[in-house]
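Student: I have a structure open and would like to learn how to read it. Could you take me through it step by step?

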Amino acid sequence: MALLNLACSKKSCRNRSVPQNQFLRLTVALAGNPNTGKSTVFNALTGLSQHTGNWPGKTVQRAEGNFYHRNKHFTLVDLPGTYSLFANSVDEQVARDYICFARPDVTVVVTDATCLERNLNLVLQVMEITPKVVVCLNLMDEAERKKICVDVELLSSELGVPVVATAARSGRCLDKLMDAIDDVASGRIKTSPRLVAYDSEIEQLVQKIELKISPLVPEGLNPRWVALRLLDGDRSIIDSLQRYLREGKNSSFHWGEERALCIR
Amino acid sequence: MYQVSSHGSLNNALDEIYGSLPPEEKNALRDRIAGGIYSSAERIAGKVVSRKGKQINWDQKIDDVLTSRCLGIPVMLLLLGVVLWLTVTGANYPSQILASGLFRIEDILTGLFVQAGAPAWLHGLLVEGAYLSLAWVVSVMLPPMAIFFPLFTIMEDLGYLPRVAFNLDKFFRRAGAHGKQSLTMSMGFGCNAAGVISCRIIESPRERLIAVLTNSFIPCNGRFPTLIILSTLFMGGTVAASFRSAAASLVVVGLVLTGITVTLLVSRLLTKTLLRGEPSFFILELPPYRKPQVGRIIIRSVLDRTLFVLGRAVVVAVPAGALTWILANTFINDLSLLSHAAGFLDSFGRLLGMDGFILMAFILGLPANEIVLPILLMSYVSAGTMVEPESLAALHNILVVQNGWTWLTALSVMLFSLLHYPCGTTLLTIFKETRSLKWTLIALLMPLSVALLVTFTLTQAARLLGLA
């Protein structure tokens, strides 16, 4: 943290210039529904500094890129576009496992402002796993054309995480997005996600299970979320947990093994 | 750092907790958890989103009808009926032209063989066997596919298919399968091989396998002609001539509904036995209705679907035709091999309401379902080559007068055709998609046992009740 503050106190340096402090390398995951302009955001932020490959052992494409903001080095990981994190498909499982086990410093959820309701499902699910979330309310230009208004302030206070309205196609407000990413990563903005309250019976069951499993669940993983997944009968989380524990929870856990390659 | 032992105990604890939940409740819990998230999303979106000005939402209005509780299914059946009717009626004429053209080529080929002084067996094998079966498959399959696939693609482009999936989702969910199976099932109407390929849209391997295994319960274009001819001959014959085609189409629609029912029942059975598991959620995005791009539709459906499926069918049909010719023209004790085999199968066939020749035709027709009826007629008249049923009267004569078919025989043949194993092309596709010999074998044997069970029960019941 001390290092981080040191870097922040330096004069902010513009995008592509290489920062002097190589230690500050932050990871940002980019999640979102399909067709929300997620790739446009990814390309706009990282420019030509990209690296593509596959997720280990999966035939799902993985893209990584870098950007520099406020004298810090951010690695942006593009997750597969999904509607939910219920792990119904390989895509959803890859996205969920990355957010859950690779623990990025910030997770950005790109949403479509023209059909916010559907997109919020994913936002709420991501917030159940990690509090470090920034919502990118994209396609604002299209929403304006369709005469749809979204109260960004209210949305932010309802969710308890920063919301940035953007139009990635024209690059509008992407600097604000980067500011928000940095603010959440550095802890300057403290997020307090408003979690979904389920009906009382489910809440009781969740509490009961949470009590049982919380001594067993590795730190950094949200026991409430694990309890919920057990309740909805998701066996794949057990497999993923096992694999995670077996392969060690160090930072080079294989989700991140390609990172070194990509930075060279 | 965590000790290695901790994941063992974690796993045990999770298993214990998971096992302590009653299975019925698990499904309900899943729905309620998803419901909790959705209602939160709805509440927040309702608060923060507002619309300036009023616009009539046509998509919403159309969807209110097409996906409504009471109208959704009838509208769907009606559309299916219209598409089928267009396909059947429209395919008739080009089919005849193609057939006459291709059979004229056969005459030319025969002439060439005679001129070249080729031995009779070579001519028989290549022309009467291989070429004729090729001609049959092309003339019977190509026109319906060329009409059905573009119609289907138009529905797709309009955005209707996601609504079908929406309507049928609850039935498939209740059967423990994936809602998208309704889409792959619809593809099966065109061709089961294409239907099997389309199962790729189902992400969960368990549910994809269910969709692959049950796809052949939907009559494909290759089987529709058989069903239509037989139902016109037997079921339509009982009513006045003017209603004949309507009655026949009703029988075909009834068979289609039977196929769908069996699909659901077998899917349910599979989720309880071989492919246990919970149905997975999927968020179905109902896309806006769009004006279809006719040019692109035609190109895409002809190149991607019609030619692709036809190519595979031809590859299988040619050797099958040659084999049939050999069987029908190899004689032992004055009887062809085909007749020997049919005699052997006869008593078994009688139990199912059919006879040995019919079963033999189904066995020889494994490569492609559309050659079942031609092979059957060929073995009935022992002409040595496949005959083209020139008119319904001639067919009636062969089946009823000479070989004693009753309505029960016709119904048994139609049901067997509907339910029996998928054709060779489809089996090949299933193998390519699953990369597993085991599942391909199950895809062959499971429908076969269903077909045997159904025809056996029907026949015995009808005989017991004195109906036939």
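Student: In chain B, where is confidence lowest and where is it highest?

Tutor: The lowest is in helix 1 (residues 4-20) of chain B, with a mean of 60, and the highest is in helix 19 (residues 437-464) of chain B, at 93. Over residues 1-7 of chain B, pLDDT stays under 50, and the model has seven contacts beyond four places in sequence for them. Here is the general idea: where pLDDT is low, predicted coordinates should not be read in detail.

Student: What is chain B built from, in helices and strands?

Tutor: Chain B has 19 helices and three strands. Of its contacts between residues at least 6 apart in sequence, 72% join residues at least 24 apart.

Student: How do I describe two packed helices?

Tutor: Two packed helices are described by the angle between their axes and the distance between those axes. Take helix 18 (residues 424-434) and helix 19 of chain B: their axes come within 8 Å and cross at roughly 145°. The crossing is right-handed.

Student: Which residues of helix 18 and helix 19 of chain B meet?

Tutor: From helix 18 of chain B, look at Leu427(B), Ile430(B), Phe431(B) and Thr434(B); they meet Trp439(B), Thr440(B), Ala443(B) and Leu444(B) in helix 19 of chain B. The residues of this contact divide into six nonpolar, two polar and no charged. As for the spacing, an α-helix has 3.6 residues a turn, so residues three or four places apart point the same way.

Student: Is helix 9 of chain B mostly covered or mostly open?

Tutor: Mostly covered: nine of the 10 residues in helix 9 (residues 205-214) of chain B are buried. Among them are Arg206(B), Glu207(B) and Val212(B). For chain B, buried residues make up 41% of the 468 residues.

Student: Which residues touch the most other members of the largest nonpolar core?

Tutor: That core has 93 residues, and those touching the most other members include Val212(B), Ile358(B) and Met414(B). Its largest share, 14 residues, comes from helix 5 (residues 120-158) of chain B. A second, separate core of 80 residues includes Phe86(A) and Leu139(A).

Terms used. Residues are numbered from 1 along each chain as its sequence is written. Chains are lettered from A and ligands numbered from 1 in the order in which they are written. This is a predicted model: local features need pLDDT of at least 70, side-chain atom pairs count only at pLDDT 80 or more; totals for chains, interfaces and linings use all residues. A nonpolar core is a set of buried Ala, Val, Leu, Ile, Met, Phe, Trp, Tyr and Cys residues joined through C-beta atoms within 7 Å. A residue is buried if 20 or more other C-beta atoms lie within 10 Å of its own, exposed if 12 or fewer, and partly exposed in between; C-beta atoms are placed from the backbone. Helices (H or I, at least four residues) and strands (E, at least two) are DSSP runs, numbered from the N terminus. pLDDT is the predictor's confidence in each residue, from 0 to 100. Two residues are in contact if their C-beta atoms, placed from the backbone, lie within 7 Å. Axes are lines fitted to C-alpha atoms, for helices over the stretch in contact, and angles run from 0 to 180 degrees between N-to-C directions. A crossing is left-handed if the near helix is turned anticlockwise from the far one by less than a right angle, and right-handed if clockwise. Ala, Val, Leu, Ile, Met, Phe, Trp, Tyr, Cys and Pro count as nonpolar, Asp, Glu, Lys and Arg as charged, and the others, Gly among them, as polar.
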